[in-house]
Amino acid sequence: MPRTEVPRTEVPRTEVPRTEVPRTVRLPGGRTAARRPPVGREEETDRLRRILADRSPAGPRLVRLTGDPGTGKTRLLTEWGERAERAGFTLLAGRASPRDRDRPFALFAEPVARLLADPVPTAAVAPADRTLLHRCLLEPDLAAGRSRRETAAGGPDRLLHVIGDLVWAAARHRPVLLSLDDLHWADDRSLDLLSDLLRRPRAGTRLVLVGALRPRQASAPLMAALTDTHTACRVDQVALRPLSRDAVDTLLGPATPPERRRILHRASGGNPLYLRILSLSPKAPRGVDHPHDLVLSEEAAVSAMTAVARELAPLGTVETDVLRAAAVLGDEFEPAHLAVVAGCDPPVAAAALDRLVALDLLRDDHPRGRLCRARHPVLRAAVHRSIPPAWRRDAHARADRLLRDTGAGPLERAPHVARSGRMGDMDAIRLLGEAADGLMDTDPALSASWLRTALSLLVEDREGLRASLTASLARALGLSGRLRACRELLRRTPPEPHRPTRESARRVAFHAMVERHLGDYRAAEALLEAELARVPEGADAVAHPMRLELATVRLLCRAGPRSPERVAELVDDVLRRTPDGQEPQRMAALVRLAHAGACQGDVTALRRSAAEACALADATGDTVLAAHLDTVCQLGWAEALAERHLDALRHTTRGVRLARETGQLFVLPHLQLAHSYAGLAAGRPADALRSAEEAEETARLLDRPSVLGFALALNAWATSLLDGPDAAAPLAERAVQEAGADGRPWGVTAGVLAGIRVAQGRPDEALDLARSAAEHSGPPGTARCVRPMWYALAAEAAAARDHGDGRVWARRARLDAEVLGLPGQRGHAALAEAHTSADPIGPLRSAIGDFRTAGLVVMECRAGLLLSRTLAARGRDEEALAAARHAKRLAESCGARHLRQQAVDVQRRLGARQPRTAREPHGTGPPMSVREREIARLVALGLSNGDIARALVVSPKTVEAHLTRVFRKTGVRSRAALIAVMTSEDTRRGA
């Protein structure tokens, strides 16, 4: 029976842009510049540019362009050809094809046609030879047999010499770029001609020969032709590597979410062809780095089969069946199994396998030696989808029987049973359930798929399997992020009729965790309390998992003012009763204690518990820790609240990696949020922005509005540091809308928008939002250890509109900070005092010191900027300049572009107030380099940095760096002044 897939959230497909742009870029003044090279191939394009520019009189130049299918060899040849034509070369382009391997000189048909249309090289060929070329190569109705007869009639080498004479005649008149694609499919006579051109160059000619080939399919004669060349022939090897992650990001563009770009890069292996195919179909399950079964949409499968159609066309029936059998067996397989699955004799299957390996459709280079694999998972998935359904079902049944007879386990057999099982087959149902349980912690989405298939095969439930299969399915759905579907199944599951067992307690704790993640804390608390009431005294192993979950839920509920204290007592009891050897449970208890301390404002307990939990996490291996990622997430937040930001970044980075590797999407966005928050605090806004964007995408995929609001708020916070408050405001506004005033992350979303409104000069709105953030009843806004931060924000907003409440907020911040003793919160309190004090310089210096102690780089930079402005307003310019320089260094160190620009603005304003000393005449400083002078002249022509970057085929950042040095060397501070300098210089030269 066909496998039943887990329903997956559909996301809009992302098509990889072809990046086809005009050949030239039009610049002001009617001038043109070359278009940018293909994305990710800038180095290769620049290398050919140097080769084309080489005018040395040496012999021919050979460029061997190698790469796997789909790496972009043809695209790069096209780009190189266009550049060569613009450089004055004659372009001769030919391409081999599998169907032309019996047609002599087929590779050179198109180059010959191009040359015969040019009267200059044609004049060097006798009329009879031109007729021979037409009859043998250019007349479309000639069959391969007739072509061979014509060649034989003129002598075995006559046609070879005629084509060679034609090429050399063209190369004597103008430089020639001979571009030959797919050399691995070239016929023997074309290879003879290729060898002749490289071994017998002509004097007074210039020939650059570029040959593209797949190295795995290159024949011995081809490699001999490309290596046995004349001593004067210079050879360059250009091997196309997979595209980098940055190149894929550029190719897909910002419209594709970061997480999807990461997945597509990993799944495609950086291969542009497979990247384009995968972009046509949402890769499912999302967020899993090692899909056991790549699922392509119909459009993607058709695109993949079209891309390999030329390779599949020559295959016979047996070879086709063996290729299908390989697709059925999976991404890697035992070669001896092909015969059984394909239904043919072993010697026949072995011969077909050799042929498929020679064609590079299958590969035998598996790291484990004897196993084989498809060239790429996309190729295997496309072939598998194209198999007729009946043949595919029977082939999977044969594969299952074979694996069963060889002693394979459930995990190896399940992919085949899921596709070939029949209704009522209890053996198949039990096997799928066992395999799904074994895969639960590493790929819960695939586990859910197998469990759904097992339930669909179940007709009569005589063994009571339906309940256990349904419970396993609920867990798999929950781990893979489908929390609502999981909750629906769990709520329909009847409670254990007898005393709770470890298994039933584990299921109840998981159910409560699902309710918690969905925001229904009361339901989670009621569920746990009811089940704990049934646990007999002394059954700690049964009760502890539920008690720890109850502690988390009660911290979120905040049932009363003493709630954190009661939670601490509950967790302390669990910690005392936890026996040695149960480090994961001890770590979970310590993390809950840390959060209880954060809510109480007991920083000593927070830091002590977080440090002990940190040590346990570091001592735990990935396999064990992967089963406790919810605890890892809570640990990251506890460390961030304790101002252990680097530890928080380290643990959340590890947690994100494990969540992706194991497919535990339910916790992935929370880990990404914690990583983003810690990154912002530690002064890494670019990393924080990336994590926030990934959390945003995951939240949308999982339909989690509150998480989405939190992600948007952190995104806005990072954007404000990078691009300023106006760019961040729309994100913050959307965050507030998504979170809602009653939502859990309201404190953060309202606080971020309040900070942006202050920066925008809208203090009334900022004050209302800051009050709401400070007084919100949901975490993490009112964890006592971060309240001074929100109080300081309210004080700043109140001070901005001369509201008397500013001092009240500042006093509240100071009192809480004194109790806490956290240096970062002391810094916020000092900042609040500075906003409301008549003499803010002392509090600002205190704030800078406290922020430095806490490692809050961004806040130290902001306080430094405020100090520089305050000193400048009091006429203390030298001190103000020193503070601005320090703030600028901090902003540069963390990449906060907007803060850096603010520091530069302060420096410029202060510099304008300084008495000007007599300057040396322009041009007496260090001389400009050739590139710097080139850029300066382009500025004088009125070009923007972007125009200059496109004209010179460099990045805008490179242009900015050169301009900075130009400004320094010429002693100017603006583009207008630089234009005046360059105009004056040109005038002097003209005179």
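## The largest pocket

The largest pocket of this predicted model holds about 1200 Å³ of space. Its lining is made up of 29 residues, and those that lie nearest the centre are Lys888, Arg900, Val904, Arg908 and Thr964.

Helix H45 (877-894), helix H46 (897-913) and helix H49 (956-970) each give at least two residues to the lining of the largest pocket. Sorted by class, that lining has twelve charged, nine polar and eight nonpolar residues.

## Aromatic pairs and a cluster

Let us turn to the aromatic rings. Across the whole structure, a search finds four aromatic pairs. In one of them, the ring centres of Tyr677 and Trp717 are 6.2 Å apart and the planes meet at 80°, so this pair is edge-to-face; the cut-off for that label is an angle over 60 degrees. Tyr677 belongs to helix H34 (residues 668-681) and Trp717 to helix H36 (residues 705-723), so the pair ties together parts that are 40 residues apart in sequence.

Is Tyr677 buried or exposed? Its relative accessibility is 10%, and buried means under 20%, so Tyr677 counts as buried. Tyr677 and Trp717 also belong to one aromatic cluster, together with Trp637 and Phe710.

## Two arginines at Trp391

Another ring to look at is that of Trp391. Which residues place a charge over this ring? Arg324 lies over the face of Trp391, 5.9 Å from the ring centre. Arg398 has its charged end over the ring of Trp391 as well, at 5.6 Å from the centre.

Our last stop is strand E3 (residues 61-66), which is mostly covered, with six of its six residues buried. In a regular strand, side chains alternate between the two faces of the sheet. In E3, Arg61, Val63 and Leu65 are on one side, while Leu62, Arg64 and Thr66 are on the other. Residues on both sides are buried, so both faces of E3 are covered.

How many bridges join E3 to strand E6 (residues 207-213)? There are six, and the two strands run parallel. Within E6, Leu213 is the bridge partner of Thr66. E3 also pairs with strand E7 (residues 234-239), in the parallel sense and over six bridges. On that side, the residue of E7 that stands opposite Val63 is Asp236.

Definitions and conventions: Residues are numbered from 1 along each chain as its sequence is written. This is a predicted model: local features need pLDDT of at least 70, side-chain atom pairs count only at pLDDT 80 or more; totals for chains, interfaces and linings use all residues. Side-chain values use heavy atoms; hydrogens and water are left out. On a 1 Å grid over the protein atoms alone, a cavity is a set of points where a 1.4 Å probe fits but cannot get out, and a pocket is an open set with protein on both sides within 12 Å along at least five of seven lines; lining residues have an atom within 4 Å of a point. Grid points are joined across faces, edges and corners, and a volume is the space filled by probe spheres set on the points. Helices (H or I, at least four residues) and strands (E, at least two) are DSSP runs, numbered from the N terminus. Ala, Val, Leu, Ile, Met, Phe, Trp, Tyr, Cys and Pro count as nonpolar, Asp, Glu, Lys and Arg as charged, and the others, Gly among them, as polar. Rings of Phe, Tyr and Trp (its six-membered ring) pair if their centres lie within 6.5 Å; planes under 30 degrees apart count as stacked, over 60 as edge-to-face and the rest as tilted. Buried means under 20% relative accessible area, exposed over 50%, partly exposed in between (1.4 Å probe, protein chains only). A charge sits over a ring if NZ of Lys or CZ of Arg is within 6 Å of the ring centre and within 35 degrees of the ring normal. Two strands pair if DSSP finds at least two bridges between them.
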